[in-house]
Amino acid sequence: MEERIQQMRARMMEIDAQISNPDLMRDQAAFRALMKERARLSEIVDLYDEQQRLACAIQDTRQILRESSDQEMKVLAEEELAQLTGLWQEAGEKLKSLLMPRDPMADKAVIMEIRAGTGGEEASLFAADLFRMYSRYADRRGWALEVMSLSETELGGMKEIIFSVSGDAVFERMRYESGVHRVQRVPVTESSGRIHTSAVTVAVLPEMEETEVEIRPEDLRIDVMRASGPGGQSVNTTDSAVRITHLPTGLVVHCQDEKSQIKNKAKAMRILRARLFELEEERRRMERSAERRSQVGTGDRSERIRTYNFPQNRVTDHRIDLTLYKLDLVMEGDLDELLDALVAWDMQKREAESLGT
C-alpha cells in the first residue's frame, strides 16, 4: 500500500504542475477532469496519512500503559486507546473501499425516468413525490438537475417525468434506484380512509456522449408536430415537438417541453442514446444472468426494490433487507443512509467476487 500511496503523491505533483500551466485553462473539460482526479487522490492520501498518525498515537498510548504506575493515568490511557483503535479501524475500512477499482461509469451523469404504474391517480401523485425527493437529494449533494420531458395530471401528479442529473459520483449512487417503488398510504382521493398500495417505476440510465453510442442518421425517423397540453404561447402554434424513432430497435422518444424544435431534438437524442446503451447493457445482462441475479442494482425495472409505508413512517429496501423509520426525512431528500448501505453492500459483493468466494 505504501508504494501505491507514493505513486498517488507523485501523480498529485504532476497534476499540480499541469494545472499551473495557463494553456490548460483553454480546455475547461481537461481542467475539470484533472481537478476531479486530484480531489480523489487527495482524499486517499489524506486518509492514509491520518491512519498513520493514528497508528503512531496508538503506539504512544500503549507505551504510557506499559510504563505508567499511576492507576488513574492508566484508566485514561485505556479509554484513549479504545477510541484511537476504533478510529484507526474505521479509517482502514474507508481506505480499503477507496482503493478498490472504481467503476469507470461512476461519475457519469444519469437520465432518470419515473413512470406511474398500478394505482391510477395515486401512482401519479407518488411519482411526483419521488421526483421531489430526488430533486431535494440532488440539491443536498450540489448536483445539477434538468427536466427533459414531463406529462402531468390535473391533480398535480405525474404520469411520466424524464430528467437528467449531473455531478460528482451521480451514477455511482443513483444506479440503485432502478426498479419498482411501492407506496402504501391513504390517497388524497380516498374518502373512507382506506390504505391503498400503488407502484411507480424508476429507470436510471447513464448519459452517454455522442462518441460512446453510434447512431446512424439513416436509422432515425424524425417527426415534428405541435406541442400539446399546458405550456404557454408555443403550444399548438409552432411545430416544436419532436418524436424520434430508432428504426432498428423500435425505440421512440418524444420531447416537447422546449419552445425550440432544435432544443427538443437535442434532448430527445440524449434520451435515445441512454436508452440504446441500456438496451445493449440489458442484452449483456441476460447473457450473464446467473452471475448478475445475486447482485444488487441489476437495473431490472420489474424488480420491486423498495416499499414506502406512510402510516408507519417506514421505508424498506428489499434488496438488502434494510428498514428505516424515518420516511418523512427520506421524502425530504435524506437518502444517504439508504444509498450508503446499498453502495457498501455492492462493494462487499464485488470484493467477495474478486477473491473468488
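These are my notebook entries on a predicted model.

**Ground rules.** I number residues from 1 along each chain as its sequence is written, and side-chain values use heavy atoms, with hydrogens and water left out. As the model is predicted, local features need pLDDT of at least 70 and side-chain atom pairs count only at pLDDT 80 or more, while totals for chains, interfaces and linings use all residues.

**Confidence.** I looked up pLDDT, the predictor's confidence in each residue, from 0 to 100. The protein averages 86, and 91% of the residues score at least 70. Residues 230-236 have a pLDDT below 50; this stretch has 8 contacts in the model beyond near neighbours in sequence. I take contact to mean heavy atoms within 4.5 Å. Residues 290-301 also have a pLDDT below 50, and that stretch has 29 contacts beyond near neighbours in sequence.

**Glutamate 172.** I found this residue in helix H5, residues 170-174. Helices (H or I, at least four residues) and strands (E, at least two) are DSSP runs, numbered from the N terminus. The cut-offs are under 20% for buried and over 50% for exposed, with partly exposed in between (1.4 Å probe, protein chains only). I then listed its contacts, leaving aside neighbours within four places in sequence: Arg102, Ala106 and Val343. Methionine 105 is 67 residues away from glutamate 172 in sequence, yet their C-alpha atoms are 7.3 Å apart.

**The sheet.** I traced an open sheet of 3 strands, in the order E6-E7-E8, with antiparallel pairing. Strands E6 (220-225) and E8 (251-255) stand at the edges; each has a single partner strand, so one side of each lacks a neighbour in the sheet. On average, neighbouring strands are turned by 15 degrees against each other, direction ignored. Helix H6, residues 261-287, packs on the sheet and touches E6, E7 and E8. The direction of H6 makes about 150 degrees with that of E8. Axes are lines fitted to C-alpha atoms, for helices over the stretch in contact, and angles run from 0 to 180 degrees between N-to-C directions.

**Threonine 245.** I placed this residue in strand E7, residues 241-246. Threonine 245 is buried, because its relative accessible area is 8%. Which residue is its bridge partner in E8? The partner is valine 252. E7 and E8 run antiparallel, joined by 5 bridges. Two strands pair if DSSP finds at least two bridges between them. Not counting residues up to four places away in sequence, threonine 245 touches Asp219, Leu220, Arg221, Leu251 and Val252.
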